[in-house]
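This briefing goes through one protein model, from the overall fold down to single residues. Please keep the sequence and the coordinates open while reading.

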Amino acid sequence: MHWHLWLHDIEKLKLVVSAITPVVAIAGGIVAYLSYLRNEKWKKAEFLADEMKGFLANPQVQLAKILIDWGARRVKLRPSDLDETTVTRSIQVNALRPHTIVGDGIVTPRFVLPQYKAELQRFEDDEVAIRDCYDCFLDGLEAFWSYYKTDLIDLKALIPYLGYWIGEIQSPTTLPSDAEWQAALLTYISFYGFDGTVSLFKELGYDISPSGDRYRGFLEIMVDQSYAAILASTVGVEYCSPTAK
């Protein structure tokens, strides 16, 4: 009698073990997966920190951040400069113009050159230095977008590092000088094919493309509406001043 009860208990134990085993396996799998996610997240954060360290240490990137942040600032545009140069929003606007637009300062009207003459257009030394700084900054954004697309970084992890400057580039403004600079910079980004930067902003919720409302909004605030139309034309946008409607 006792022998049969013992066998019965053994069978019940086998049933319990067989029922528990999948649960234990699933729990172990979940723990392993969560551990994998933590390790992957840590690896991504470490990779981004290393890349960002080099990016932010670049003197041209540092200068680009200053130019983005300040409406007017005295800076050394080149390491070899002995004296500082006053850089205003208007100076930046001239520097960031597509090479098919020529101008020799704030006062002289700017106009579109025929294509064959555009190749001969040259920029002032200070304008070249400003363009180089922005190129370096935007090249970095292009790289970070590439890292995101290949799952090497989490895009939102960029915000603690670059969120302020991303905001300054695209945030709505009521100041005509800032709007002109923002319109010029967004034109520069699209005209010179920084498509990854446009995609990066869009993924973060900001449309900075020439067809977007932000770009048109900056154009509409500009004092020089003729130049607003010229900027728009370089990126294939038909623009009509609100005052002309």
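The points below cover the chain as a whole, then selected helices, then individual residues.

The model is predicted, not experimental. Its protein chain holds 10 helices and four strands. Of the chain's 245 residues, 39% count as buried.

**Overall make-up**

- Along the sequence, the elements of the protein chain come in the pattern α-α-β-β-α-β-β-α-α-α-α-α-α-α.
- Among contacts in the protein chain with a separation of 6 or more, 63% are between residues 24 or more positions apart.

**Helix α1 and Phe 55**

- Phe 55 belongs to helix α1, which covers residues 2-57.
- Phe 55 counts as buried because its relative accessibility is 10%, with the cut-off for buried set at under 20%.
- Leaving out residues up to four places away in sequence, Phe 55 touches Val 61, Cys 136, Phe 137, Gly 140, Phe 144 and Leu 162.

**Helix α2**

- Helix α2 spans residues 59-69, and its buried residues are Val 61, Leu 63, Ala 64, Lys 65, Leu 67 and Ile 68.
- Val 61, buried in α2, is also among the residues that Phe 55 touches.
- The N-terminal end of α2 is capped by Asn 58, which places a side-chain oxygen 2.8 Å from the backbone nitrogen of Gln 60.

**Helix α3 and Ala 95**

- Ala 95 sits in helix α3, residues 89-95.
- With a relative accessibility of 0%, Ala 95 counts as buried.
- Ala 95 touches Phe 123, Glu 127, Ile 130 and Arg 131, when residues up to four places away in sequence are not counted.
- Between Ala 95 and Ile 130, which are 35 residues apart along the chain, the C-alpha separation is 6.5 Å.

**The loop between α5 and α6**

- Asp 151 is located in the loop that runs between α5 (125-149) and α6.
- Although Asp 151 is not a glycine, its phi is positive, at about 65°.

**Helices α6 and α7**

- Two packed helices are described by the angle between their axes and the distance between the axes.
- For α6 (residues 159-170) and α7 (residues 176-191), the axes come within 8 Å and cross at roughly 105°.
- α6 is therefore roughly perpendicular to α7, a label that applies to angles of 65 to 115 degrees.
- On the α6 side the contact involves Glu 168, Ile 169 and Gln 170, and on the α7 side Trp 181, Gln 182, Leu 185 and Leu 186.
- By type, the residues of this contact between α6 and α7 are four nonpolar, two polar and one charged.

**Thr 187 in helix α7**

- Thr 187 is a residue of helix α7.
- Is Thr 187 buried or exposed? Thr 187 is buried, because its relative accessible area is 0%.
- Apart from residues up to four places away in sequence, Thr 187 touches Pro 98, Tyr 215, Leu 231, Thr 234 and Val 235.

**Pro 172 in the loop between α6 and α7**

- Pro 172 is placed in the loop between α6 and α7.
- Pro 172 is exposed, with a relative accessible area of 66%, whereas Thr 187 is buried.
- The residues that Pro 172 touches are Arg 214 and Phe 218, not counting those up to four places away in sequence.
- Pro 172 and Arg 214 are 42 residues apart along the chain, and their C-alpha atoms are separated by 7.2 Å.

Methods. Residues numbered from 1 in each chain as written. Predicted model: local features only at pLDDT ≥ 70, side-chain atom pairs only at ≥ 80, totals over all residues. Heavy atoms only, no water. Buried < 20%, exposed > 50% of the residue type's maximum accessible area, 1.4 Å probe, protein only. Helix = DSSP H or I, 4+ residues; strand = E, 2+ residues; numbered from the N terminus. Polar contact = N/O pair within 3.5 Å; in protein donor to acceptor, adjacent residues only side chain to side chain. Axes fitted to C-alpha atoms, helices over the stretch in contact; angles between N-to-C directions. Parallel < 35°, antiparallel > 145°, perpendicular 65-115°, else oblique. Contact = heavy atoms within 4.5 Å. Nonpolar A, V, L, I, M, F, W, Y, C, P; charged D, E, K, R; others polar.
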